[in-house]
Amino acid sequence: MVDQVSSQVSSQVSWHLSGDYFENCSCSIVCPCLVSAGAPLTARPTEGFCNVPLIFHVESGRYGDVALDGLNVLVILHAPGIMADGNWSQATYVDERADDRQTETLAAIFGGTAGGPMAAFGPLISKNLGVKKAPITFRIDGKTRSAEIPGILHMSVDPLPTMHPSGEMWANIGHPVSPDRMVMAVGAAGNTYSDHGMRWDNSGRNGLYAPIQWSNQA
């Protein structure tokens, strides 16, 4: 386990990345945390809590002089009730192929401490479960997104059925990861996560995916 992120990783250093992301939360379709009559994150999750893995592939990226190309990251979030009430737990997994500088940088970017989109979750997180190195695979096969960490995570999502000829329902729901463009999706059978004393099965539950273009610059 990586004990802490180096203090040398600063939100003042210019960074950018692009790639892909998907998630599969524990809510029934469609997730009321994001799509409801009330303000986002103020509706109660369908199961009373939210268990959600956010899985990322960095196609290209750079933090100062640190290249991030081709690396994968998994962020696990658990909210015990209404998401806006906070008290979330977070665990981060960084691609085992990353060297020490890349690991510190990715943990900071995807943990929100280096600025950028993930910083939006910071005020809601009260328990940090740490950072682990892991063999993370990320695949895109047509419209299917999938990822695996042996013994820990198996996740796959497909777009929700639609009559639109694109085969995808795109929405601008304002999700911090990709506010303007995100596909409504559904988790496949056998979608599970097991670690940190938690065991999740998000099969058939709400999913999302999108390309990402991130930076800590305004």
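Start by selecting Tyr209, which sits in strand β14, residues 206-215 (strands, E, are DSSP runs of at least two residues, numbered from the N terminus). This is a predicted model, where local features need pLDDT of at least 70, side-chain atom pairs count only at pLDDT 80 or more, and totals for chains, interfaces and linings use all residues. Residues are numbered from 1 along each chain as its sequence is written, and side-chain values use heavy atoms, with hydrogens and water left out.

Is Tyr209 buried or exposed? Tyr209 is buried, because its relative accessible area is 1% (buried means under 20%, exposed over 50%, partly exposed in between, with a 1.4 Å probe and protein chains only). Now show what is around Tyr209: leaving out residues up to four places away in sequence, it touches Tyr21, Phe22, Lys143, Arg145, Val157, Pro159, Glu168, Met182, Val183 and Ala185 (contact means heavy atoms within 4.5 Å). Pick Glu168 from that set, and you'll find a polar contact between its side chain and the side chain of Tyr209, at 2.4 Å. A polar contact is a pair of N or O atoms within 3.5 Å; within protein, one must be able to donate a hydrogen and the other to accept it, and residues adjacent in sequence count only if both atoms are side-chain atoms.

Next, go to Ser26, in the loop between β1 (15-24) and β2 (50-63). Ser26 counts as buried because its relative accessibility is 6%. Its side chain reaches the backbone nitrogen of Asn51 at 2.9 Å. Beyond four places in sequence, Ser26 touches Thr46, Glu47, Phe49, Cys50, Asn51, Asn202 and Arg205.

Step along to the cysteines. How many disulfides are there? The count comes to 0, taking a disulfide as a pair of cysteine sulfur atoms within 2.5 Å. Cys27 has its closest cysteine sulfur in Cys31, at 3.9 Å, so that pair is too far apart for a bond. For Cys31, the closest cysteine sulfur is in Cys33 at 3.7 Å, again too far for a bond. Cys27 is buried at 0% relative accessible area, and Cys31 is buried at 4%.

While you're here, check the backbone. Most residues other than glycine have a negative phi, and most peptide bonds are trans. Select Ile29 and Val30: a cis peptide bond joins them, with omega about 0 degrees. Val30 belongs to the loop between β1 and β2. Leu41 is in the loop between β1 and β2 too, and has a positive phi of about 75 degrees although it is not a glycine. Leu41 counts as partly exposed because its relative accessibility is 21%. For another positive phi, about 65 degrees, jump to Asn87, also not a glycine, in the loop between β4 (72-79) and β5 (88-95).

Finish at the largest pocket by selecting Leu34, Leu41, Met83, Phe121 and His175, the closest to its centre among the 20 lining residues. What kinds of residue make up the lining? It divides into 17 nonpolar, 2 polar and 1 charged. β2 gives the most to this lining, with 3 residues.

Notes. Helices (H or I, at least four residues) and strands (E, at least two) are DSSP runs, numbered from the N terminus. On a 1 Å grid over the protein atoms alone, a cavity is a set of points where a 1.4 Å probe fits but cannot get out, and a pocket is an open set with protein on both sides within 12 Å along at least five of seven lines; lining residues have an atom within 4 Å of a point. Ala, Val, Leu, Ile, Met, Phe, Trp, Tyr, Cys and Pro count as nonpolar, Asp, Glu, Lys and Arg as charged, and the others, Gly among them, as polar.
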